[in-house]
Amino acid sequence: MDSKELQDLKNRYGIVGQDENLNRAIGTAVAVAPTDLTVLITGESGVGKENIPRIIHQASRRRTGKYLAVNCGAIPEGTINAELFGHEKGAFTGAVGERKGYFEEADGGTLFLDEIGELPKETQALLLRVLQNGEYMKVGSSKVEKTDVRVIAATNVNLAYAVSTGKFREDLYYRLTGIQIGIPALRDRTKSDIFLLFRYFSRDFADKYRLCNVELSHEAIGALTAYRWPGNIRQLKNVAEALTGVESKPLSQLSQTVEIGVSTLMKYIPQEKDSLIPAVATQNSGGSMSDNDKQMIIKALLDLKQEVDRLKGIVEGGGGSPRIMEYAAPEPEEQNGDQPEEPESLSMKRMGDDLIDRCLAKHNGNVKEAAAELGISERTIYRKLAKRKTSR
C-alpha cells in the first residue's frame, strides 16, 4: 500500500496522524483483511482501537455482511451468554421469547468484541468453542447451532498477565493472539500528531457550531505536545472541544480565528496525578507554574494553616466555639505557685466569666440551656463556677 492509498484510507475513517507505528498497524489490518484469521487489537483505552476492525471488515470478503461491535465490559455477567449466543423462550426469568444472539446476527459478517478481557470464565469457554469450530448453543437449548463469523477482539489489559493470575483462559489467549495489532498510546506517537489531532477536533467542532477556528500560539503548541495525555485521543478530543466551545466566538466576516495562548490552554489540561489545580505554564518556566500563581497558592495555604491553628486553640482551650472566642480567650493554664496572672489574661478571663454569668442569668441558672447557647459543654461551666468559688 503506497502513501496515497494509506492517506485515502485514513481520510475515509477519520484517522489523523503520520506516526510510523500507527501506519504499520493500519497496513497490517489491510494485509490480514482478506483472510479469516482472528485478530487481537491491543492498546490503552482511548487510542482509537475501534477503527481497525472496521478497516478489516471493509477490506475483506465479508464487507457485504453485517458488522457488529459489542462492548463485553458493558454487559452484565448474568446476561452476557444470552447476548452473545441468544436464548430460548423461558430460559430464565424475563425470557418471554426466543432471541438471536450476536453470533447468529453476524453470521456471514464480522463481530468485533471490545474489552474481551472482561469476559467471565464460563463465557470464555463458549467463545473458544465458536472460534475453533463455529459451534454454539443458545441459553436454555441443547441444540448445537453453527455460525460463520469473523471475530476481531480488542483489549486494553495485559491478557498474558490475566492468564498468569487465572482470570483469562490460556487456550483462548493463544487462540486470539495469532495476529496482534498494537495501537500506540498518544504519548508514544510523533509529537506532531498531537497537534494535528487537536486542530482536527477543534475545527470540526467550530464548523459544527459556526465558531471561529482556534489558533494556538507557539508556546501553547509546545505545552500541548509536552503533556502525557493519559486519556489518549479521547481525552484530547474532549479538551479540544471544551476549549473551542468556551474560548472561541461566533464566526463573522470580521473575525474568523481566535488565538489561544499557553495560559488559556493550560486551564483545560489537568496536572499530572489528577490534581484539581490546573497547571499554568509560561514561556520560560518549562511547563511549571508562574511565580504569581505560586505565591497565591502559598498564601492560601498559610491562611488555611492559621485558621486551623485558631480552631485548634479553641478546642484545646476548653471546648469553646468560634463565636465565643470573639469575646473570650481560652482559659489560661494553672500557674505553678502563686504567680500573678498577666493583666491581659486576667481581663480576657473576666470577659469569659462575665459572658457565662449573663447567659446563666438569661436562662434563670439553667446550665444546660446556657451551655447549649454558648456552644460549650455543661462540664466547662461547672468547672469554671467551681474554680471561681474556690478562689474566693
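This is a predicted model: local features need pLDDT of at least 70, side-chain atom pairs count only at pLDDT 80 or more; totals for chains, interfaces and linings use all residues.

Residues are numbered from 1 along each chain as its sequence is written, and side-chain values use heavy atoms, with hydrogens and water left out.

Now switch to a cartoon view, in which the protein has 17 helices and nine strands; these are DSSP runs, with helices (H or I) of at least four residues and strands (E) of at least two, numbered from the N terminus. Among contacts between residues at least 6 apart in sequence, 67% join residues at least 24 apart, a contact being heavy atoms within 4.5 Å.

Next, select residues 20-32, which form helix H2, together with residues 51-58, which form helix H3: the two pack at an angle of about 35°, and their axes are 8 Å apart. Axes here are lines fitted to C-alpha atoms, for helices over the stretch in contact, and angles run from 0 to 180 degrees between N-to-C directions. Show the side chains of Ala25, Ile26, Ala29, Val30 and Val32 in H2 and of Ile52, Ile55 and Ile56 in H3, for these residues make the contact. By class, this contact has eight nonpolar, no polar and no charged residues, where Ala, Val, Leu, Ile, Met, Phe, Trp, Tyr, Cys and Pro count as nonpolar, Asp, Glu, Lys and Arg as charged, and the others, Gly among them, as polar.

Stay in helix H3 and pick out Ile55, which has its place there. Is Ile55 buried or exposed? Its relative accessibility is 2%, and Ile55 therefore counts as buried. Leaving aside neighbours within four places in sequence, Ile55 is in contact with Leu9, Tyr13, Ile15, Ile26, Ala29 and Val30. The C-alpha atoms of Ile55 and Leu9 are separated by 8.3 Å, although the two residues are 46 apart along the chain.

For the next stop, select Leu84, Phe103, Leu113, Ile116 and Leu127, which touch the most other members of the largest nonpolar core, a group of 27 residues. A nonpolar core is a set of buried Ala, Val, Leu, Ile, Met, Phe, Trp, Tyr and Cys residues joined through side-chain atoms within 4.5 Å. Several elements give two or more residues to this core, including helix H4 (80-85), strand E3 (110-114) and helix H6 (121-133), and H6 gives the most, with four residues. If you then centre the view on Leu113, you will find that, not counting residues up to four places away in sequence, it touches Val70, Cys72, Leu84, Leu127, Val151, Ile152, Ala153 and Ala154.

Finally, select residues 191-209 (helix H9) and residues 218-226 (helix H10), which pack at an angle of about 110° with their axes 9 Å apart. H9 and H10 are therefore roughly perpendicular to each other, a description used for angles of 65 to 115 degrees, while under 35 counts as roughly parallel, over 145 as roughly antiparallel and the rest as oblique. Their contact is made by Lys191, Ile194, Phe195 and Phe198 of H9 and by Ile221, Leu224 and Thr225 of H10.

Conventions:
Buried means under 20% relative accessible area, exposed over 50%, partly exposed in between (1.4 Å probe, protein chains only).
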